[in-house]
Amino acid sequence: MRRLLKFNKLDKHVLILVSCLFSISLIVYKNFIFGEELYIYSDIGSDTQNSYWPYLSYISEMLWSGDISFWSNSFGTGNNIFSLSLLLFDPFNWILFLFGKTNLPLLLPYIAALKNIAAGYLFYKYLKTINISNRSSLVISLIYGFNGYIVLWGQHYQFATLMVILPLVLYGFERFLQQGKKRYFIVSIACLSMYSYYFLYMFSIYLFIYAIFRYLELNQFSFSHILKTLVKSLILYLCGVFLSAAALFPALYVVLSSPRISTAFPPIFSFANIIEYTTMIFRLMSNDLLGTASTFVGYHNYYESPILYSGILCLVVIPCFFIYSTKKSKIIYSVFSGVLLLFLISPFFSYMFNFFSIKSYRWTFVIILYICFLAARALDLIFEKNGCKMRFPYYLFFIFGGLFTILCCLKYFDWSIGVVKQLIFLFTVTSGLFVCYFFILRLSLRDKRKVLPIIGILVLALTELSSFAYLSVNLNRVLLKKEVLTQKQGYNDYTTEAITYINDTDATAYRVDKTYDSIFLNDPVMQGYAGVKGYNSLNHPSYIDFLKTLEVPFKRRDHLNYLTGLDSRRELYALLSVKYILDKENVISDESNLIYKTGDVSIWENNYYLPFGFTYDTVIDYEDFVKFPSYEKDVILMNSFVMNKEQEEFSYFNKVNYKGLSNKTINLFEKVSKIANAKQVNSNNSEGISLKVENTDPQIVVTMDKMLSPRTSSIILSIDSPSDTELQIFWAEQLQFKEINSKKLNIKRGEGTYKVDLGNISFDSLRIDPTNEKKDVVLKKAELSYIEYDIDEFIEQSKKLSEEVLQVDKFTNDSIRGSIHVTKEKMLFLSIPYDEGWKAKVNGINVPIRKINIGFLGIPLEAGYYTIELTYDPPLFKIGLYTSMITLILLLMYFFYSRMKKML
């Protein structure tokens with residue numbers, strides 16, 4: 001690596017490059033370095049606040065505490081640490097980790113600037129290996145350091161690292177292809193493979209195509225020789241992959257276990273829509289022509305839209321490559337360009353780059369690499385070969401073609417005045433830059449030394465890159481202020497003091513839930529407690545299966561990334577050992593006791609939680625269990641555990657004798673306490689209610705005899721309406737009706753019967769607004785149907801399950817130890833998501849762990865006293881570690897032998 005990092009007196013171009021990159025960084029990140037803002041977004045880039053900041057802080061705190069574990073109970077109900085592999089193995093993040101959780105958010109802009117500088121420098125070294133002149137390498141590397149991808153996706157921190165590693169891989173490959181040097185390629189592939197299996201796959205597609213075309217350019221065509229070169233390249237590639245296996249293999253296990261992995265195969269010759277293609281054209285010129293952040297009007301959203309911006313200069317010079325390069329190069333790179341253009345045109349390839357899971361344009365970094373590669377070659381022809389001429393018609397075509405595109409696409413986008421003004425302004429700027437670059441390059445043809453043109457291009461590029469990057473990073477963005485680190489708000493609110501109080505007063509194993517979000521679903525990660533919520537693209541599949549089977553809603557976008565908790569369902573709180581509930585509004589039920597209050601946060605203790613590690617003696621088959629409605633599944637889990645009957649232990653336990661829940665009904669006409677904005681025509685409610693409506697808001701108020709908290713409830717209405725209208729039902733406590741606690745229903749003209757599902761709400765009063773028009777209406781039936789919650793039965797079942805429980809004397813993230821006495825054959829239930837990495841010992845003997853209750857751990861026990869020990873080792877980690885060690889040893893032996901052979 002000495003050559004890669006080598007500086008000497010002749011490297012003035014490197015010094016100029018680094019100085020320019022440093023200067024742009026100061027401009028782009030000045031608000032974060034010198035101002036009062038954090039490089040953390042709460043707008044469309046809110047993943048920085050909701051995900052990356054908490055997870056980076058968690059890893060940093062784990063390393064500083066010395067309590068290094070491969071499992072975390074703060075990720076949902078628990079998850080493998082390798083679900084964070086993209087953060088964990090980003091080498092730049094380890095700089096952040098060294099400075100600790102407190103300083104981490106303040107260092108984010110410095111690390112971002114470091115990535116920009118490193119990306120530009122490594123791209124310079126790559127260009128030098130393909131014999132690009134110092135001047136051309138300087139200019140294009142400067143552009144690469146602040147290309148659209150590293151600036152925009154770089155706001156998601158770890159994505160910028162990709163743009164640092166990729167030129168390192170290309171540098172290593174060129175050293176192998178041209179000089180036969182193997183170690184650079186192996187090490188660079190190992191870095192990419194360790195950093196991200198996701199981007200390794202994407203880039204490998206591009207690298208394969210690049211390798212073929214580069215070989216054809218450098219050598220005479222020989223099928224046997226090209227095959228031999230590709231095989232050698234593949235071997236070195238695999239060496240790099242195996243070298244990183246300790247990180248790669250367990251990360252692959254996590255992603256391949258994820259329920260998000262699916263397949264979709266669109267036709268290979270299908271086409272996208274006009275909005276996508278137009279977006280691509282505009283994003284070649286700037287990230288922000290179609291708006292910035294939440295004002296973006298292009299395809300999908302600001303980040304997921306194709307990112308292709310590689311500097312205006314690249315668009316100016318690339319045509320020269322196809323005009324003035326050799327015939328062989330023209331043919332080779334015309335085909336290469338055609339392949340990449342096909343990738344952009346056909347949606348099939350956007351699926352292919354994402355392993356046919358979803359359609360995504362995150363792969364467009366390869367287009368930026370290719371554009372910069374071609375631009376460097378073209379600029380070299382202009383600077384080093386005076387025969388090149390700049391063709392003016394092309395540039396007129398660019399400007400007027402862009403104007404034509406704008407006019408054509410106006411009807412396809414949802415424009416706002418602000419975005420239109422931004423589009424016109426930025427297009428004017430890009431057109432001006434185009435013209436300026438053109439005339440500077442024309443002048444360079446007359447200047448043999450080309451000093452002034454180079455200076456002019458650098459000044460123009462500095463202005464362009466710093467302005468465009470500043471716009472993407474800062475303008476109209478919603479950023480956190482540094483004051484959030486010291487004030488009692490956000491992640492630093494009074495939740496932290498509440499959790500400290502709980503930890504100081506309770507040494508048992510338990511979970512905590514909150515009725516509010518300090519910031520988002522990853523509060524447990526940042527605030528250090530075992531919860532039931534989480535936000536991760538790789539949430540644990542076992543917990544997801546549990547939530548889906550019990551029909552617990554995913555309340556954020558109905559997406560598996562967002563674990564929104566247990567929907568306040570009593571039995572589920574008990575089963576998963578949710579002992580404490582934190583609240584700010586005092587809305588907790590009577591089943592919890594207030595034990596402490598700090599600031600605006602109240603700590604409530606769940607009276608009926610079940611200790612971690614309780615036991616069952618009855619079982620129900622999974623196929624029978626899933627047939628029940630969700631509210632009955634909760635009851636069944638308080639009586640028996642769920643298991644597939646094919647498993648051997650199923651026959652050891654008594655089968656549950658569950659009879660179901662009884663339904664109750666109430667005639668709402670008998671509970672009417674008030675009618676407003678209408679007069680009742682009939683006097684006998686048993687025959688229904690006929691209303692003479694006085695305005696557009698007639699109301700029938702129903703008051704119950706007591707507070708109802710049913711498992712589920714619905715209202716059956718029979719209504720005769722003179723016209724199509726809208727009915728609305730409100731529920732409340734003490735007649736405090738609010739719009740948020742209501743449901744609307746479209747009513748058809750004439751007589752009809754309708755059902756409104758209310759779910760498991762609590763209420764003591766209802767309000768029926770039968771119409772939103774000033775027209776008389778007749779309600780012939782209004783019946784509440786519900787299944788009552790039997791608290792006495794729940795308490796009885798809780799006591800039974802708590803009779804024989806695990807006495808925990810050690811509880812860490814990936815290690816649990818305790819003792820238990822059972823009087824008969826039972827199943828020990830542990831509310832940890834089932835994962836093949838968990839291993840159990842009973843009295844020192846390894847025993848199998850069973851998957852029970854849809855997605856949790858179970859250990860069958862016969863009558864007796866037992867010591868239980870559980871430990872977690874990530875699946876494939878040891879295999880990966882051994883693979884890495886063996887590969888490293890073999891490589892060292894090979895390079896040692898090669899060196900000794902040369903010396904002899």
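Predicted model: local features only at pLDDT ≥ 70, side-chain atom pairs only at ≥ 80, totals over all residues.
How many salt bridges does a search of the whole structure find? The search finds 34 salt bridges.

**Salt bridges**

Side chains of opposite charge can pair when their charged atoms come close.

| Pair | N to O distance | Separation in sequence |
|---|---|---|
| Lys584 and Asp600 | 3.6 Å | 16 residues |
| Glu649 and Arg850 | 3.0 Å | 201 residues |
| Glu804 and Lys826 | 3.0 Å | 22 residues |

The side chains of Lys584 and Asp600 form a salt bridge. Lys584 sits in the loop between β8 (578-583) and β9 (592-598), and Asp600 in the loop between β9 and β10 (601-606), so this pair ties together parts 16 residues apart in sequence. Lys584 is partly exposed because its relative accessibility is 30%. Asp600 is also classed as partly exposed, with a relative accessible area of 35%.

Glu649 and Arg850 form another salt bridge, with their closest N and O atoms 3.0 Å apart. Glu649 belongs to the loop between β13 (641-643) and β14 (654-655), while Arg850 is in strand β31 (residues 850-852), so the pair ties together parts that are 201 residues apart in sequence. Glu649 has a relative accessible area of 6% and is therefore buried. Arg850, at 22% relative accessibility, counts as partly exposed.

In the pair Glu804 and Lys826, the side chains meet in a salt bridge at 3.0 Å, N to O. The loop between α28 (791-801) and β26 (807-812) holds Glu804, and strand β28 (residues 826-833) holds Lys826, so parts 22 residues apart in sequence are tied together. Both Glu804 and Lys826 are buried.

**Helices α9 and α11**

Two packed helices are described by the angle between their axes and the distance between the axes. For helix α9 (residues 158-179) and helix α11 (residues 197-218), the axes come within 11 Å and cross at roughly 30°. Helix α9 is therefore roughly parallel to α11, since angles under 35 degrees count as roughly parallel. The crossing of α9 and α11 is right-handed.

**Residues with positive phi**

His300 is not a glycine, yet its phi is positive, near 60°. His300 is located in the loop between α14 (274-285) and α15 (312-324). With a relative accessible area of 54%, His300 is exposed.

Asn677, again a residue other than glycine, has a positive phi of about 60°. Asn677 is placed in the loop between β16 (672-676) and β17 (678-680). Its relative accessibility is 27%, so Asn677 counts as partly exposed.

**A nonpolar surface patch**

Which residues make the nonpolar surface patch of about 710 Å²? The patch is made by Leu881, Tyr882, Met885, Ile886, Ile889, Leu890 and Met893. One of these residues, Leu890, is in helix α29 (residues 877-903). Leu890 counts as exposed because its relative accessibility is 51%, and the cut-off for exposed is over 50%.

Definitions and conventions
Residues numbered from 1 in each chain as written. Heavy atoms only, no water. Patch = residues over 30% accessible without salt bridge, like charges linked within 9 Å, V, L, I, M, F, W, Y side chains within 5 Å. Areas by Shrake-Rupley, 256 points an atom, 1.4 Å probe, with all protein chains shown as cover. Salt bridge = Lys/Arg side-chain N within 4 Å of Asp/Glu carboxyl O. Helix = DSSP H or I, 4+ residues; strand = E, 2+ residues; numbered from the N terminus. Buried < 20%, exposed > 50% of the residue type's maximum accessible area, 1.4 Å probe, protein only. Axes fitted to C-alpha atoms, helices over the stretch in contact; angles between N-to-C directions. Parallel < 35°, antiparallel > 145°, perpendicular 65-115°, else oblique. Left-handed = near helix turned anticlockwise from the far one by under 90°.
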